Amino acid sequence: MESQFRNDAIVCPEGLSSRSDFNRPTGTLKPGHGVALAHHGELLQGVFEGTDGRLKRVLVSIPCGIFKSEVRFVPDDSAVVEVEPHWKIKSSRAIALTLNSLGKHKLGGRVQIRSNIPVGWGLGSSTSDVTAAIRATANALNERITPHEIAALAVRAETACDSTMFGERMVLFAQREGIVVEDFRSSLPKLEVLGFNASPNGNGVDTIGFPPARYSWWEIEAFRPMVGLLRQAVSLRSPQLLGQVSSASATINQHYLPTPHFQNLKEICAEVGAVGLQVAHTGTIAGLLFDPHDPLKERRVEDAQTLLTTIGIKHMWVFQTSGNGLAHTKKAGNGNGNGN
Amino acid sequence: MAMATSKITPTVVESVMLPKLIRLDHNLYGAAFFLMKLLPARFILDRARDAGLLHDGSVIIETTSGTFGLALAMLCKLRNYKLFIVSDPAIDPPLQRRLEDLGTTVEIVREPSPTGGFQQARLDRMNELRDAHPGHFWPAQYSNPHNPGAYAPFAELLTESIGKVDCLVGSVGSGGSVCGTGSYLRLLFPQLKVVGVDTHGSVIFGHPDQKRMLRGLGNSLMPANVNHSVFDEIHWVNAASGLSATRALHRQHALYMGPTSGAAYLVARWWAKRNPDAKVVVVLPDEGYRYQDTVYDDQWLQEQNLLLADLPEEPVCVKHPLEAGTEWSCIDWNRHTYEQIMGAPFQV
């Protein structure tokens, strides 16, 4: 696989290129830095009708701050982008696309990616790399770039991407088009997640090579009330309602990518009083969802850990989504960590 | 439905197909439809169109004497399909005129079949028409899975507006609205209670077929679309109670709905009072204008001996469908099949 991308060989996409009309001087070339969080699989993944009346494949990610990707980009005038580690070719492609769309046809540079996100578990490692890389590029050039713009670039760089670039902001995201189908105008309500890899000895899932689910017509319709409940969950800031959506989506996904021990996991979820069960729809990550304000939460999480151990799951982690009120509506700044 | 960006709809169907949600008590929500059958009629025609079964000018044939025919007639007019409806003398003349005004050909079967009565005679005539029109489409509301499947937008409205629903109450006629909505909601709320409302003399939940005074719910035939194991509880509401409850819905809540709505309201009101912590949704399928000279006329009610001074307070609970007398009755159906309750599969 080639690790270099010739920037000047890329056709400029529409939209962003108009910015070069401003002809803002970038001054001397300086290194840029970008960060992107991983996600912990999806609260919902399925199909939904867009405002154009067409069905789109969509998802709602659960942002996860324990895993992240950091990118340092040192631009030069070589018109060639070189990435390290060299196999992260999607990130170099993303940087080349970003440079090109910003009108910097002569620029290239060296990219260093540092990430603790395991690959193939369904944590969105490649979109996190790509998002951090695009942010690093924009940062190096003192350009502001919105999550919507990042998504448009990311989907070109890797055919399908998840909604990592929106950070904690909750969106119904069309992963194959890189567009927001519905903006819930809020962050994901606060949740505590007990996460684990349901197939710790497996080889993971090739998320891009994985064939898209062929949902039945009934399942396609069933996503409507699920999205409806997400709207109500956001307005009530309800972990319980989010958990119900998550469990339902995980149940449908069992027809397309079965989660190991799914029946056991459902039973553990009910037994310990978790609000829901959550899975990566293209991966092996799963999680039990808890209400962070539940006074019995600590005990429920401990009980769940004990029960998970009995089905062979040893390695677990706990994190919370921030749930901070309304997300910002202004444009994200340069190299901003989580896009809020 | 995707969030509307415009208040202007392409046709009347999109603007009225979803119900208004009205709070009838602290834990009871009425879903008041203009014409509920627009949902299944639209979904059935959409799926047939997507499957390449319908084209401009296609012939559609159905047998019905109720509101499904009206919904089909509206859609067929708007979409330029040629609709044939086979009905019997029970169809009310204003409805027939309305169908014909929409360009529908209405055929009235005048003589009952020696075996199977008017229902059979209607099916026989429909089959003649189907033979005469090759390439036609038959919506088949009693057996087409797209009938129950049509209710996801309604379920979406409920989850978006109410959140968690604990109990769904609705009249059962074709098995579409209650089985369909219940199945979609139960994917999210596995504990959801589904309460079906039937009437005495309807075969759906195990009564022998008899003449029914309360129309619009129940059936003389067993619709394949009724999934018995969806139901936790079944009620049989008689005509006097159902019609009085229809009037109560109007007098107390100013909701001018049809008798199927009244029967469902009677049961839902009782259920909601007994379960004050549960959120209860009652399906109110159509408006009352077709019943101005009957249900909404005290003199007519009196002549039919259907005028009640007070609504019955509670049902008589029975252990077997055949134990249900003539009064409002109920049974714990417990998500069983017909055969599990009756001891044998349904016999035609």
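In the predicted model, the contact between the two chains draws 21 residues from chain A and 18 residues from chain B. On the side of chain A that touches chain B, α4 (217–236) and α5 (239–253) each supply at least two residues. Of the elements of chain A, α4(A) gives the most to this side, with 13 residues. Sorted by class, the side of chain A that touches chain B comprises eleven nonpolar, five polar and five charged residues.

The crossing of the two helices, α4(A) and α6(B), is right-handed.

At the level of residues, α4(A) contributes Glu221(A), Ala222(A), Arg224(A), Pro225(A), Val227(A), Gly228(A), Leu229(A), Arg231(A) and Gln232(A) to its contact with α6(B). These residues meet Ala152(B), Pro153(B), Ala155(B), Glu156(B), Leu157(B), Thr159(B) and Glu160(B) of α6(B). By class, the contact of α4(A) with α6(B) holds eight nonpolar, three polar and five charged residues. Among the charged residues are Glu221(A), Arg224(A) and Arg231(A) from α4(A), and Glu156(B) and Glu160(B) from α6(B).

Within chain A, the secondary structure consists of seven helices and eleven strands. Chain A has 340 residues, of which 53% are buried. Among the contacts in chain A with a separation of 6 or more, 78% are between residues 24 or more positions apart.

In chain B, Ser220(B) was examined as an individual position. Ser220(B) is located in the loop that runs between β7 (193–198) and β8 (233–236) of chain B. Ser220(B) has 17 C-beta neighbours inside 10 Å and therefore counts as partly exposed, since a buried residue would need 20 or more and an exposed one 12 or fewer. When neighbours within four places in sequence are left aside, Ser220(B) is in contact with Gln119(B), Val203(B) and Asp209(B). Ser220(B) and Gly116(B) are separated by 104 residues in sequence, while the distance between their C-alpha atoms is 9.5 Å.

Terms used
Residues are numbered from 1 along each chain as its sequence is written. Chains are lettered from A and ligands numbered from 1 in the order in which they are written. This is a predicted model: local features need pLDDT of at least 70, side-chain atom pairs count only at pLDDT 80 or more; totals for chains, interfaces and linings use all residues. Two residues are in contact if their C-beta atoms, placed from the backbone, lie within 7 Å. Helices (H or I, at least four residues) and strands (E, at least two) are DSSP runs, numbered from the N terminus. A crossing is left-handed if the near helix is turned anticlockwise from the far one by less than a right angle, and right-handed if clockwise.
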